[in-house]
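Hello,

Here is the structure for you to look at. My notes on it follow below.

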Amino acid sequence: MRTFSRWLVLATALSGAAAHADDNDLKISRFGVERRGSSSVISDTQFAEASADFRAFARTFGAVMTSANLMPPRTTGHSGFAFNAELSVVSLPEDVVLPTEAEQPGSVLVPSLHVRKGLPFSLELGGRVGWIEKSSMVTATGELKWAVNEGFTYLPDVGLRLHVTKLFGAHNLDLTTTGLDIGVGKQFPLGGMVTLTPYGGLDLNFVSATTRTLDFDPGRTVADSQGNDSRDALTNAAPYSRVNAGDNLTPRFYAGARFIGGVLQLGAEISLTNLGSFDQEGAGNRDLPSVFAFNTTLGLDF
């Protein structure tokens with residue numbers, strides 16, 4: 001039974017290796033492979049450094065997944081409905097390694113579709129599906145917004161938004177962000193059914209990530225793993241240290257404007273995500289750069 005378990009670990013680590021990969025698909029085991037280098041067995045220090053690399057990546061990619069708000073705090077109204085096509089251009093910091101199959105890009109495009117439905121009591125449900133360009137990865141977001149204050153002549157609109165975003169299609173990786181968004185805006189009539197709404201806010205994102213058991217010895221053959229009663233299948237194979245949401249806060253500051261003419265809706269937004277710093281046991285302190293994004297939207301508002 002134990003021999004079968006060891007073979008299962010090896011099969012899990014190697015599964016999908018021969019599958020076609022696009023340029024921006026991820027090879028998560030690369031952190032451990034590169035930190036191990038020419039060592040016969042990855043050391044505790046090397047593994048800690050690889051886990052720190054993974055944690056920095058998780059924060060950065062979490063910022064890519066949640067780079068856009070593209071809506072003011074005002075809801076669509078209890079009978080309202082909005083459908084938008086969106087595009088985010090996210091700048092990727094050079095100081096953080098993203099284990100892409102091809103050379104790491106300087107920026108990445110994230111097109112998405114966004115649907116929102118108004119509810120009574122100034123509530124709004126929304127969902128967004130996005131695609132990471134040149135990859136097989138998609139993101140799915142669910143959100144609930146409450147307009148604490150909206151529609152008053154002399155007061156700004158204030159909204160709270162809870163959201164969860166999950167990454168799909170990344171081999172051996174489970175990455176999720178949860179957040180609380182606090183936004184302020186004000187709608188100004190320009191004449192008839194034409195309005196302009198500037199807005200801004202703070203989005204508190206919490207990043208969590210885990211991996212499956214990874215193989216840090218890409219040159220390993222099946223014969224190599226059979227040694228020592230198949231115990232060699234467990235050498236240089238492990239998951240990275242877990243990235244816990246409570247220890248990985250990445251606040252995002254954003255500002256934008258929305259234009260509505262009849263049912264047509266246009267919008268643009270800029271955002272800056274502070275990746276912060278962290279201490280990884282055995283690997284010291286890491287200071288991470290910020291992630292900048294420019295986002296646009298075109299849609300219909302009923």
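**What was found**

The largest nonpolar core has 39 residues, and those with the most contacts inside it are Phe54, Phe57, Phe61, Leu173 and Leu175. A nonpolar core here is a set of buried Ala, Val, Leu, Ile, Met, Phe, Trp, Tyr and Cys residues joined through side-chain atoms within 4.5 Å; buried means under 20% relative accessible area, exposed over 50% and partly exposed in between, with a 1.4 Å probe and protein chains only. Two or more residues of this core come from each of α3, β2, β6 (173-185), β8 (194-211) and β15 (290-301). The element that gives the most is α3, with 11 residues. Helices (H or I, at least four residues) and strands (E, at least two) are DSSP runs numbered from the N terminus.

This is a predicted model, in which local features need pLDDT of at least 70, side-chain atom pairs count only at pLDDT 80 or more, and totals for chains, interfaces and linings use all residues. Residues are numbered from 1 along each chain as its sequence is written, and side-chain values use heavy atoms, with hydrogens and water left out.

Leucine 173 touches Leu26, Ile28, Phe54, Phe57, Leu167, Thr210 and Thr211, not counting residues up to four places away in sequence. Contact means heavy atoms within 4.5 Å.

The protein as a whole has four helices and 15 strands. Of its 302 residues, 46% are buried. Among contacts between residues at least 6 apart in sequence, 68% join residues at least 24 apart.

Next, the cavities. A search of the whole structure finds three of 30 Å³ or more. On a 1 Å grid over the protein atoms alone, a cavity is a set of points where a 1.4 Å probe fits but cannot get out, and lining residues have an atom within 4 Å of a point. The largest cavity has a volume of about 150 Å³, a volume being the space filled by probe spheres set on the points, which are joined across faces, edges and corners. Its lining has 18 residues, of which Met65, Thr66, Ser67, Ala68 and Arg128 lie nearest the centre. β5 gives the most to this lining, with three residues.

Last, threonine 235 is found in the loop between α4 (222-225) and β10 (237-238). Threonine 235 is partly exposed, with a relative accessible area of 28%. Leaving aside neighbours within four places in sequence, threonine 235 is in contact with Val41 and Arg220.

Regards

Technical notes:
On a 1 Å grid over the protein atoms alone, a cavity is a set of points where a 1.4 Å probe fits but cannot get out, and a pocket is an open set with protein on both sides within 12 Å along at least five of seven lines; lining residues have an atom within 4 Å of a point.
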